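Subject: Structure for you to look at

Hello,

Here is the structure I said I would pass on. Please open it first, then read my notes below.

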Amino acid sequence: MRDEDMTKEQLINELAELRQRLNQFTALESECRREAEALRLSEEKSSKAFRSSPDWIVISTLEDGRFIDVNDAFLRITGYRREEVIGRTAKQLGIWAEPDERDKMAAIIREHGKIRDHEARFCMKSGEIRIMLRSAEAIDLEGEKCIISVTHDITERKKAEEKIKIFAEELEKRNRELEQFAYIVSHDLQAPLITAGGYLRLLERRYKEKLDSKAGEFITNAIEGTVRMQSLIRSLLDYARVDTRARDFKLIEASAVLNQALGNLKALLDESGAVVKYDNLPEVRADPVLLSQVFQNLIGNAIKFRGDEPPVIHLSGEKKDKVWLFSVRDNGIGIPPEETGRIFEVFHRSHDKSKYQGTGIGLAICKKIIEHHGGSIRVESAPGKGSTFFFTIRDSSLI
Ligand code: ADP
């Protein structure tokens, strides 16, 4: 090969190499441009987040907490002006209510490079103390170790929590007072009532012959009054106890609870010849003693308010949306439509009081128990057509 041909070939090779390099440079340049744009975007995002964050953000030195930059939220919350803050240390501003907390936080950042949700109290310019949750990370700023921290104001949440705690304590205190009151009612009020009843009976026994028939009738009425008063007091106590007794919510077979209630009603069932039928009852989360009381009251009423036919009571329980819906249907005398809302009120009775015994508290107790189980109770009825009581219990899988 001749010399000039070699040079030509060399030139072609060099040109190809140059082209390749040029391509590499162009690729490198566009990559640099892309990175510069990404950096610009990231800086823009960071600075927008810094400026618009509702939480206060501070960049300060790790050593002594000298403020390098703060966002508007910091100025708004603390009440300081920017020029009062930049260049001064946390100690000089007295911003930590407990300065030891800053030392603790700095020590953790030195060791782990960051800290998360550190709760501390901060002193505002006005002297007001606010409770904050602070998360911070170490950063390097032109060779100096710094911290960037985000601080979230939780003062209102803490105040609300404190209020709830006070309310809960107050409620517990009231419950204890109510229990105490129930005790006083049962003992202190019943005692004079028993005494009065006792003396009335004595009067009846010893002086019956000496008094005229009218006086005898008065004494009988007075005795009945004391007996009735005692049963009303006992009913009120039962009603109050639903709130005060400790609850024992657990997964239970409703049919087992029903059998318990039927056991307690055995004498009444036998005497009335009542038939109780029930479908497959579900497993529910409930207090067994309270649920048994509901079954007992409803079945007891179905028997008490029976019609001419022997009582037939039908119970069922089915899933309806997010609750268990129970029903207790009877073939009794029924309830007038205008009374169906009122029968759940304390002491309200809809039928002839001389014919049907009772205190009118049973359904009020049922209502309270069901409400404690996150449910509600109602009745559908018509005179002579029987009644169906419906009550709901929250589905256990949702608790
Ligand atoms: P009590 O049975 O002591 O009267 P309740 O609170 O249990 O008190 O019931 C209130 C009233 O509701 C009853 O007096 C009665 O008038 C009516 N009632 C309750 N259950 C039935 C029922 N199954 N059939 C007809 N009426 C009923």
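**The enclosed cavity**

By class, the residues lining the largest cavity are nine nonpolar, three polar and two charged. Keep in mind that this is a predicted model.

How many cavities of 30 Å³ or more does the structure hold? It holds one. The volume of the largest cavity is about 100 Å³. Its lining is made of 14 residues. Nearest the centre are Val58, Ser60, Phe67, Trp96 and Arg134. E1 has the largest share, with three residues.

Now the open site. The largest pocket has a volume of about 1,000 Å³. It is lined by 41 residues. Asn301, Lys304, Gly358, Thr359 and Gly360 are the closest to its centre. Helices H7 (213-244), H10 and H11 each give two or more residues to the lining, as does strand E12. Which element gives the most? H10 does, with eight residues. By class, this lining divides into 14 nonpolar, 20 polar and seven charged residues.

**The ligand**

Where does the ligand sit? The space it takes is the largest pocket. Around the ligand are 20 residues. Asn301, Lys304, Asp330, His351 and Leu363 come nearest. Asn301 and Lys304 are also among the residues closest to the centre of the pocket.

- Asp330 places a polar side-chain atom 2.9 Å from a nitrogen atom of the ligand.
- Ser350 has a backbone N or O atom 2.9 Å from an oxygen atom of the ligand.
- Thr359 has a polar backbone atom 3.0 Å from an oxygen atom of the ligand.

How much of the ligand does the protein bury? Taken alone, the ligand exposes 530 Å², and the protein buries 97% of that.

Helix H10 (288-304), helix H11 (362-372) and strand E12 (387-394) each supply at least two residues of the shell around the ligand. H10 has the largest share here, with three residues. It also gives the most to the lining of the pocket. By class, the shell has seven nonpolar, ten polar and three charged residues.

Over to you.

Best wishes

Technical notes: Residues numbered from 1 in each chain as written. Predicted model: local features only at pLDDT ≥ 70, side-chain atom pairs only at ≥ 80, totals over all residues. Heavy atoms only, no water. Near = heavy atom within 4 Å. Polar contact = N/O pair within 3.5 Å; in protein donor to acceptor, adjacent residues only side chain to side chain. Areas by Shrake-Rupley, 256 points an atom, 1.4 Å probe, with all protein chains shown as cover. 1 Å grid on protein atoms, 1.4 Å probe; cavity = no way out; pocket = protein on both sides within 12 Å on 5 of 7 lines; lining within 4 Å. Sits in = over half its atoms within 2 Å of the grid points. Helix = DSSP H or I, 4+ residues; strand = E, 2+ residues; numbered from the N terminus. Nonpolar A, V, L, I, M, F, W, Y, C, P; charged D, E, K, R; others polar. Points joined across faces, edges and corners; volume = space filled by probe spheres on them.
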